[in-house]
Amino acid sequence: MSYALGSEAPSCRSQRDDSTGGGLRLRPAGAAAMIRRNARLRKEYLYRKSLEGKDLAAYERKRKIRKALEEGKPMPTELRREEAQLRREVELEDDNTAVVRDHVDDEYAHAGERDPK
């Protein structure tokens, strides 16, 4: 969608578009907000994806502690420093927090609990 420079549509605003060689290109006013929103969503996705690896590592450590407690075996040597903290976290977990969740599941995690806005 392009407009002549003198006949700008009321809902449009001129913005410099560097991807087309720096020329002046007119975009609808909502396009800039949409671009910012998409950039924010991309950053949020990457952040959640990076947290997923950390959560998985913490889950594995808790699983080893839980298994050692259930079997009555001594704690693994690599977890002895963190044993007290992990033991506390294992005791506080319930059915929902004991499993690792994907970043994909976050959006629909509470879908059946409350009505959407």
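Start by selecting Lys62 and its surroundings. Leaving aside neighbours within four places in sequence, Lys62 touches Leu86, Glu89, Val90 and Glu93, where contact means heavy atoms within 4.5 Å. Keep in mind that this is a predicted model, in which local features need pLDDT of at least 70 and side-chain atom pairs count only at pLDDT 80 or more, while totals for chains, interfaces and linings use all residues. Numbering runs from 1 along each chain as its sequence is written, and side-chain values use heavy atoms, with hydrogens and water left out.

Now colour by secondary structure. Lys62 sits in helix H1, residues 29-71; helices here are DSSP runs of H or I with at least four residues, numbered from the N terminus. Is Lys62 buried or exposed? Lys62 is buried, at a relative accessible area of 16%. The cut-offs are under 20% for buried, over 50% for exposed and partly exposed in between, using a 1.4 Å probe and protein chains only.

Next, pick Arg66 and Glu93. Their side chains form a salt bridge at 2.7 Å, N to O; the term means a side-chain nitrogen of Lys or Arg within 4 Å of a carboxyl oxygen of Asp or Glu. Arg66 lies in helix H1 and Glu93 in the segment after H2, so this pair ties together parts that are 27 residues apart in sequence. Glu93 counts as buried, with 18% relative accessibility.

Then jump to Lys64 and Glu78, whose side chains meet in another salt bridge, 3.4 Å from N to O. What does this pair tie together? Lys64 is in helix H1 and Glu78 is in the loop between H1 and helix H2 (83-92), so the link joins parts that are 14 residues apart in sequence. Both ends are partly exposed: Lys64 has a relative accessible area of 34%, and Glu78 comes in at 49%.

For the last stop, slide along H1 to Glu44 and Arg48. Both are in that helix, four residues apart, or about one turn. Show the side chains and you'll find a salt bridge of 3.2 Å, N to O. Glu44 is partly exposed at 33% relative accessibility, and Arg48 is partly exposed too, at 32%.

How values were computed: Helices (H or I, at least four residues) and strands (E, at least two) are DSSP runs, numbered from the N terminus.
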